[in-house]
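Open the model in your viewer and switch to a cartoon view. This tour tells you what to select at each stop.

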Amino acid sequence: KPRAVHDACGQVSLRRVCPHCHNELAGDYCDVPSRLVALVGAKNAGKSTYIAVFLRQLLNQVGKELQASLMACDDRTSRRYREDFERPLYERGELLPVTQSAASELHEPLVYRLTLTRRWGRLRRRRALTLVLFDTAGEDLTSNDSVDQHLRYLGVADAVVFLVDPLGLPGARPDLHGPGAEPPAPTDDPLDVIRRVTSLLRAAHGRPAPKRLPLPVAVALTKVDVLGDRVAAHSQLHLPRPRTGRLDLADRGLVDEQVRA
């Protein structure tokens, strides 16, 4: 509705808010279909950096290839991306700070309107959707209780991306951290994070194992560059992605095979 009258005070409101938590909704949120994407991973997996690069790519090179435009749905999203992601990483060249736990700091999502243009001869068709991105703290994934308490939105997510630091996997050699360097402090096992979140998703959707989850799930390796020449010279991971504006299934299959290996 364009306006509503509050039952208790009788005041007229022109702002849309969530009927459950009463936080204000972005202006475009209710006008087009929305997709809520949850990014999860252990502490120091690189989730904040992933968001910073992902949005910058959609705003620039990848967005151009896909004939897509990306616009922040509200001033808060625009301001938060600029101050918390873009300026530290791209202007000052600093590593992004570790995301604070939801127990100590309220996390608000980044909300964007993504518009895709498709052409068939002289015909042009535009599709728009609201893209909602959550950056989770690794501390919120360290136990089943904290996952259930702080990350309830996972149960209504449309897609989940697990970000995995390859140095946290079994088999990562100590010398990957550089000559004479001390290995970083142990972090939560990424496989445990995947197990906990998967259990929550199964409970939320009523899909006990071995049934498939009814939403797309991806596992992405971050910080692959630290592997350097330990990745075979002919590996697909060294090659630039095809810039065709569409998913290259052959390239996807080869990359998937390398990442699994």
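Select helix H3, residues 75-91. In this predicted model, H3 lies across E4, E5 and E6. Against E5, the helix runs at about 100°.

**The sheet beside the helix**

Now show the strands. What is the order of the strands in the open sheet? The order is E4-E5-E6-E3-E7-E8, 6 strands with mixed pairing. Colour strand E4 (68-72) and strand E8 (217-221). These are the edge strands, and each pairs on one side only. Look along the sheet next: neighbouring strands are turned by 25° against each other on average, direction ignored.

Select residues 110-120 for E5 and 123-135 for E6. How many bridges pair these strands? There are 11, in the antiparallel sense. Start with Leu110, which faces Leu133 in E6 as its opposite residue. Then go to Trp120, which stands opposite Leu123 in E6. The hairpin has 2 residues between the strands. Click on Gly121 there: its phi is positive, near 65°. While side chains are on display, remember that in a regular strand they alternate between the two faces of the sheet.

**Backbone stops**

Most residues other than glycine have a negative phi, and most peptide bonds are trans.

- Find Gln67 in the loop between helix H2 (61-65) and E4. Gln67 counts as partly exposed because its relative accessibility is 37%.
- Lys223: here too phi is positive, near 55°, in a residue other than glycine. Lys223 sits in the loop between E8 and helix H6 (249-260). Its relative accessible area is 32%, so Lys223 is partly exposed.
- Pro210: a cis peptide bond joins Ala209 to Pro210, with omega about 5°. Look for Pro210 in the loop between helix H5 (190-205) and E8.

**Last stop: cysteines**

Select Cys9 and Cys73. Which one is buried, and which partly exposed? Cys9 has 49% relative accessibility, so it counts as partly exposed. Cys73 has 13%, which is under the 20% cut-off, so Cys73 counts as buried.

Key: Residues are numbered from 1 along each chain as its sequence is written. This is a predicted model: local features need pLDDT of at least 70, side-chain atom pairs count only at pLDDT 80 or more; totals for chains, interfaces and linings use all residues. Side-chain values use heavy atoms; hydrogens and water are left out. Two strands pair if DSSP finds at least two bridges between them. Helices (H or I, at least four residues) and strands (E, at least two) are DSSP runs, numbered from the N terminus. Axes are lines fitted to C-alpha atoms, for helices over the stretch in contact, and angles run from 0 to 180 degrees between N-to-C directions. Contact means heavy atoms within 4.5 Å. Buried means under 20% relative accessible area, exposed over 50%, partly exposed in between (1.4 Å probe, protein chains only).
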